[in-house]
Every structure is written in C-alpha cells, then in structure tokens.
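User: I'm new to this one and would like to walk through it with you. Could you show me the model before we start?

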Amino acid sequence: MSQPQTMIGRVTAILDAVAAHPRLTRRELADTTGLPQATCNRIVTRLLTARLLTDDDGLRLGLRLFELGTQAARPLLDAAAPYLRDLHTTFGWTAQLATLDGDDVIYLLKVDGHARPRLATRVAGRFPPHCTGAGKALLAFTPPELADPLLARLPLTSRTPATITAPAALQADLRATRRRGYAVDREEFQPGMTGVAVPLRPAGRLVAALTLAAPTPAFHIPRAAHALRTLAPLIESRLAPPPPLL
C-alpha cells in the first residue's frame, strides 16, 4: 500500500483506519495505512495527547472528535432536532436529517421508528445518494453545475431490485422530485422500507434533507410528504440569517 505523502494525509489515513477498524494495535494500524511503524507511532502518540484517539485495549476514536464534529453541525442539529422528535412522536416512523458530503449522503441525526425491520442507516454513516430518499432530494435541488459532475461520476450500484441504476431513469426521477417538491425511496435502499425526503433550503441555500421512512405496509407517502413539507419551512426559518436591524 502506498503511504500518504503529507502530514494531513497521514493523520487522515490513521483516523480513517481506526474509524473503520476499532481496536487496532499500532502494528496493525501501520500495516493498514502503509506507514512506517516509527512514523505511525509518532503520529498516534500526538493524537492520543490531543484526545483525538484513545487507547483502551486497542485504538479507538477519541471523544474530542465527536465534540468537534457535533460543533460543525450544531446549528443544523439545534434547528431540526425538535421537529424530528415531533415527527417520530406523531407517526412512530424513522425521522432523519442528512446532508451531502462529497459523493455521499451522511446522516447527522436519526430518531428510530418502532416497527421492524429497522432502517439500515446510522448517524455519521455514509451512503450512496442515488438510492436514498435524502440523497435524491439533495441531488434534485443541488445546482446543476454541481449536481451534473456528481451524477456523471456516481456508480449507480444496485442495493435492491428496485434501485435505479440507469442514468436516464435517475434523471427522470430527479425531475419528478423537483416538480412535486419531495423525493420518494420506493424500497430502493432497503427491501421492505419506503421513505420520503424534502430539501432544507434556508434563504435558497441547500443545506440538508429531512426524511421519514417506515416499513412499506405501514407507510403512507402523501401523509409523510405533507408533514415534511409543512415542517421544512419552520426549520428553514430557524436557519436563515436574521433580517438587518435597519
């Protein structure tokens, strides 16, 4: 394995490896990252001192990373969290908040529904955008100059028999999403699960998607879409900058 050439690259490689494989030993970490053992040991020692890693019967991510990551999304979490809880209380379905990061959808907040099966997403998890309700809502409302290159390089991998894998069909689905104002995941991400998602665009700037999902027999697309489209402006109003005083 070729080793990262910059210090930032080396630190990132170490954190990514520990995130993917908790409780690695230092020897295993060096093998995984391709870094020389001495270099790996030196960086790990500094990361432990900074509380970005912890060593408890193997290396794990430190809670300081959680603190920093939470702060990065704090305005969005604070604005959306009460409404996600309201959605969960009202419907008993899974409510989520997600955003695009690079080529992936990353989930920032999740309140699980009561019914089985459970939706196979997780907070801080990365998932392909073409087969998730959140991802399709975000793709549909991303400006074309940003969305088109992303769509061109996305591998439209099939997760279920219902996953859209043809570029023309995905473009048609995104056009339909823009027309009606919400995206629908019809068992495209997980068999037996249906979901709806709407974009959050405070002051016209796309920042995230709000989603509801549940087992298909219990899910009602129009009810979910109405609830999400009702709540989205309330969340957006909490994210928009205040008007000038004068």
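Predicted model: local features only at pLDDT ≥ 70, side-chain atom pairs only at ≥ 80, totals over all residues.

**Walking through the model**

Analyst: We can begin with a pair of strands: E6 and E7 run antiparallel and are joined by four bridges.

User: Which residue is the bridge partner of Ala 183 in E7?

Analyst: Ala 183 has Ala 197 as its bridge partner in E7.

User: And what does Glu 187 do in the hairpin of E6 and E7?

Analyst: Six residues lie between the strands of that hairpin, and Glu 187 takes a positive phi near 60 degrees there.

User: OK, so what sheet are these strands in, and what's the order?

Analyst: They belong to an open sheet of six strands with antiparallel pairing, in the order E5-E4-E3-E8-E7-E6. The edge strands are E5, residues 126–127, and E6, residues 183–186, each of which pairs on one side only.

User: How many bridges are there between E3 and E8?

Analyst: Strand E3, which covers residues 94–101, pairs with E8 over five bridges in the antiparallel sense. Within that part of the sheet, Gln 96 has Thr 211 of E8 as its bridge partner.

User: Which strands does H9 touch when it packs on the sheet?

Analyst: H9 touches E6, E7 and E8, and its direction makes about 25 degrees with that of E7.

User: Tell me about H9 itself. How far apart are its end C-alpha atoms?

Analyst: They are 26 Å apart, and this agrees with expectation, because the 19 residues of H9 (221–239) should span 27 Å at 1.5 Å a residue.

User: Which residues of H9 are buried?

Analyst: The buried residues are Ala 224, Ala 225, Ala 227, Leu 228, Leu 231, Ala 232, Ile 235, Glu 236 and Leu 239. An α-helix has 3.6 residues a turn, so residues three or four places apart point the same way. The buried residues of H9 pack against helix H5 (74–91) as well as strands E7 (193–200) and E8 (208–215).

User: Changing topic: how many cavities of 30 Å³ or more are there?

Analyst: The count comes to two cavities of 30 Å³ or more, and the largest cavity has a volume of about 90 Å³. It is lined by 14 residues, of which Gln 96, Tyr 107, Leu 119, Gly 133 and Asp 185 are the closest to its centre.

User: Which element gives the most to that lining of the largest cavity?

Analyst: E8 gives the most, with three residues, while the elements that give two or more residues are helix H6 (133–141), E7 and E8.

User: What about the largest pocket, how much space lies in it?

Analyst: About 940 Å³ of space lies in the largest pocket. Of the 23 residues that line this pocket, Leu 65, Phe 66, Gly 69, Ile 106 and Ala 124 are the closest to its centre. Two or more lining residues come from each of H1, helix H4 (63–72) and strand E4 (104–111), and H4 gives the most, with seven residues.

User: Where do Arg 23 and Asp 57 lie?

Analyst: Arg 23 lies in the loop between H1 and helix H2 (26–33), whereas Asp 57 is in the loop between strands E1 (53–55) and E2 (59–61).

User: Is Asp 57 buried or exposed?

Analyst: Asp 57 is exposed, because its relative accessible area is 69% and the cut-off for exposed is over 50%. Arg 23, with a relative accessible area of 40%, is partly exposed.

User: Last one, the overall picture: how many helices and strands does the protein chain have?

Analyst: The protein chain has nine helices and eight strands. Its C-alpha trace spans about 60 × 50 × 40 Å along the principal axes, and buried residues make up 47% of the 246 residues in the chain.

Conventions. Residues numbered from 1 in each chain as written. Heavy atoms only, no water. Expected span 1.5 Å × (residues − 1). Buried < 20%, exposed > 50% of the residue type's maximum accessible area, 1.4 Å probe, protein only. Contact = heavy atoms within 4.5 Å. Pairing = 2+ DSSP bridges. Axes fitted to C-alpha atoms, helices over the stretch in contact; angles between N-to-C directions. 1 Å grid on protein atoms, 1.4 Å probe; cavity = no way out; pocket = protein on both sides within 12 Å on 5 of 7 lines; lining within 4 Å. Points joined across faces, edges and corners; volume = space filled by probe spheres on them.
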